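Subject: Structure for your review

Dear colleague,

Please find below the structure that I am handing over to you.

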Amino acid sequence: YLTPEADGRVFAFINPNAPPHLKAKILRSALSTVRLHAEQQALNDGLRDRDAQLRELNNIGVALSAERDVDKLLELILYKARAITMADAGSLYLLEAGDVDAKRLRFKLSQNDSFDLNYSEFTIPLNTLSLAGYTGTTGESLRLDDVYRLPEDVPYGFSRKWDEEHGYRTKSMLVVPMRNNKGD
C-alpha cells in the first residue's frame, strides 16, 4: 500500500511480523510494478524517437520537393540518410546504361565526417560481386555488422583497398536501393 506521504519511490510498507508468504507476494508485486514501469518508459522513449524520425523524414520530403538542382539534391539525400543512420560516411551510386545496354553503377558522391575526401567518379559493373552491385541488381537492402567479416556463402565481397590507402576502417554498413516514383 502507498501512503499519502510516499513520494512514488515507496511501493509498500511491510510489517516485519507479516508471514513470509505475504512478504514474498508483496515483493513479487513490487518487482512486477518496477518491470512494467521500466517497459512503459522504454516504450515512451521509443515513441519519442520514432516521432522525431518521422518529423525528420517529413522535413526531408519537403526539402527534396523544393530542390531542383540534381547535384544538390543528391548531396542532400546522402547527408540526410547519414544523419538518420548516424553514419560517419556514405556513398551514392547511380544506375546508368552502359555499352550495348549493359547497366552499370556510377560512383557519384561520397561524404565522410572523419576527413575531407577527394574522389573521382568511376563506374562498376552492375552485378552481384560488390555490395552496391548486389543491392542494385537484387533490390535487397544489406545490413552488415562488419564488412571485413562477411559470411562465406554470399556472392558479394568488400574491397579493403580504399581503407588501406587512406588509413580508414569501414565497419558496419547499410546498403539500400533507392527508387524513383516509377519504381526504377
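Arg160 lies over the face of Tyr148, 3.9 Å from the ring centre. The charged end of Arg169 also sits over the ring of Tyr148, at 3.8 Å from its centre. A charge sits over a ring here if NZ of Lys or CZ of Arg is within 6 Å of the ring centre and within 35 degrees of the ring normal.

This is a predicted model, in which local features need pLDDT of at least 70, side-chain atom pairs count only at pLDDT 80 or more, and totals for chains, interfaces and linings use all residues. Residues are numbered from 1 along each chain as its sequence is written, and side-chain values use heavy atoms, with hydrogens and water left out.

Rings of Phe, Tyr and Trp (its six-membered ring) pair if their centres lie within 6.5 Å; planes under 30 degrees apart count as stacked, over 60 as edge-to-face and the rest as tilted. By this rule there are eight aromatic pairs. One of them, Phe107 with Phe122, is stacked, at 4.7 Å centre to centre and 15 degrees between the planes. Phe107 lies in strand S2 (residues 103–112) and Phe122 in strand S3 (residues 122–125), so this pair ties together parts 15 residues apart in sequence; strands are DSSP runs (E, at least two residues), numbered from the N terminus. Phe107 is buried at 8% relative accessibility, whereas Phe122 is partly exposed at 39%. Buried means under 20% relative accessible area, exposed over 50%, and partly exposed in between (1.4 Å probe, protein chains only).

Tyr93, Phe107, Tyr119 and Phe122 form one aromatic cluster.

Yours sincerely

Key
Helices (H or I, at least four residues) and strands (E, at least two) are DSSP runs, numbered from the N terminus.
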